[in-house]
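Take a look at the fold before reading on.

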Amino acid sequence: MRAPGEMEVFKIKKVIAESPTLTTLLFTPKHLGRWSSLVPGQFLMVWVPGVDEVPMSLSYLKKTPFVIGITVQNIGPATSALCSLEEGDKIGLRGPYGNGFSLPSKDDFNRIIGVSGGVGAASTILPMEWAFNEGFETVNLVGARNKDLILFQERWEEISNDVQYSTDNGSFGHSGFITELLTKELMTLTNRDLKRTMIFTCGPEIMMVAVKKVLDQFNVKGQFSLERYMKCGIGICDSCSMSGKRICMNGPIFTVKEIDDLREFGKFHRNRSGTLIPITECVK
Ligand SMILES: Cc1cc2nc3c(=O)[nH]c(=O)nc-3n(C[C@H](O)[C@H](O)[C@H](O)COP(=O)(O)OP(=O)(O)OC[C@H]3O[C@@H](n4cnc5c(N)ncnc54)[C@H](O)[C@@H]3O)c2cc1C
Ligand code: FES
């Protein structure tokens with residue numbers, strides 16, 4: 001059996017073109033080993049031969065036959081190379097890394113609301129599927145800049161008691177921000193229902209800052225999947241450091257309460273060389 005730190009070379013089993021800029025790659029491990037205990041919300045370090053090694057959330061996990069997958073948004077050299085791979089091409093995977101989302105106790109919570117922005121859906125789809133299969137009421141709010149960037153429509157319909165969409169440009173679903181859908185949804189709940197509701201969210205940091213404000217307003221608990229520039233993925237290089245935490249080891253999933261202590265959240269990122277830069281200077 002290989003340890004998570006060891007790289008395993010995979011042949012791509014299937015390529016799914018989700019949209020012109022979003023591609024899903026599926027793989028079947030030769031040995032189940034480390035892949036059998038994956039936690040939804042964990043990530044992999046993906047080596048693209050000759051280009052780079054980049055973190056990617058696990059977006060597919062099917063047990064019979066065993067298939068795992070990642071969903072990539074083409075925004076730069078490594079992601080562009082990943083999106084142009086074909087069935088039979090090879091890449092290297094390390095992991096799984098990070099903590100993953102946690103399902104709360106059924107005694108205290110009965111409803112999970114997923115708030116997924118853009119390619120953030122790659123991180124929330126598996127935990128929301130898990131919540132649905134474990135008998136939680138699941139509401140999925142899925143947003144993107146435009147219709148082309150809405151991921152996994154069929155999959156959301158299968159694992160949701162209710163699913164609502166939003167696009168910034170109004171090309172699909174609610175015209176406006178996903179946090180408007182979240183506020184509307186929470187306003188329908190009684191105080192008792194709000195206490196028994198947990199939010200799972202991932203998306204652009206500016207969106208998650210707005211989600212955090214709504215959760216604070218309604219006093220609702222939540223788990224956030226955070227992103228920072230990563231090199232090692234295993235707590236050595238410090239490139240993913242955020243207010244004293246390493247996102248790769250202590251996260252990438254943080255609770256609302258933990259986010260209160262991350263003063264860089266929504267304000268600063270680190271660039272490739274580790275320099276702290278205002279989040280407004282990041283392209284994403
Ligand atoms: C835990 C984790 C899980 C991720 N899961 C996914 C996923 O499932 N699908 C997916 O498409 N992407 C995911 N990402 C982001 C992905 O790793 C980056 O988009 C990728 O590394 C960009 O590499 P590149 O060479 O294509 O572009 P680069 O040239 O490296 O970057 C292009 C632009 O994006 C910015 N950027 C790069 N990495 C990040 C980052 N981590 N946070 C914010 N801005 C960044 C750069 O500053 C630059 O402006 C994840 C990141 C993390 C940390
Ligand atoms: S990526 Fe190296 S410490 Fe997190």
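One open sheet has 4 strands in the order β1-β8-β4-β5, with antiparallel pairing. (Strands, E of at least two residues, and helices, H or I of at least four, are DSSP runs numbered from the N terminus; two strands pair if DSSP finds at least two bridges between them.) This is a predicted model, where local features need pLDDT of at least 70, side-chain atom pairs count only at pLDDT 80 or more, and totals for chains, interfaces and linings use all residues. Residues are numbered from 1 along each chain as its sequence is written, while chains are lettered from A and ligands numbered from 1 in the order in which they are written.

**The antiparallel sheet**

- β1 (8-11) and β5 (52-57) sit at the edges with a single partner strand each, so one side of each has no neighbour in the sheet.
- On average, neighbouring strands here are turned by 35° against each other, direction ignored (axes are lines fitted to C-alpha atoms, and angles run from 0 to 180 degrees between N-to-C directions).
- β1 runs antiparallel to β8 (residues 90-97), joined by 4 bridges, and Phe10 has Ile91 in β8 as its bridge partner.

**Around β9**

- In β9 (residues 111-117), 6 of the 7 residues are buried, meaning 20 or more other C-beta atoms lie within 10 Å of a residue's own, with C-beta atoms placed from the backbone.
- β9 pairs with β10 (residues 137-144) in the parallel sense over 7 bridges, and Ile113 stands opposite Val139 in β10.
- From β9 the chain passes through helix α2 (residues 121-133) to β10, a right-handed β-α-β crossover: with the strands pointing away from the viewer, the path from the first strand over the helix to the second runs clockwise.
- β9 also runs parallel to β13 (residues 197-202), with 6 bridges joining them, and Ser116 stands opposite Cys202 in β13.

Key
Buried ≥ 20, exposed ≤ 12 C-beta atoms within 10 Å, placed from the backbone.
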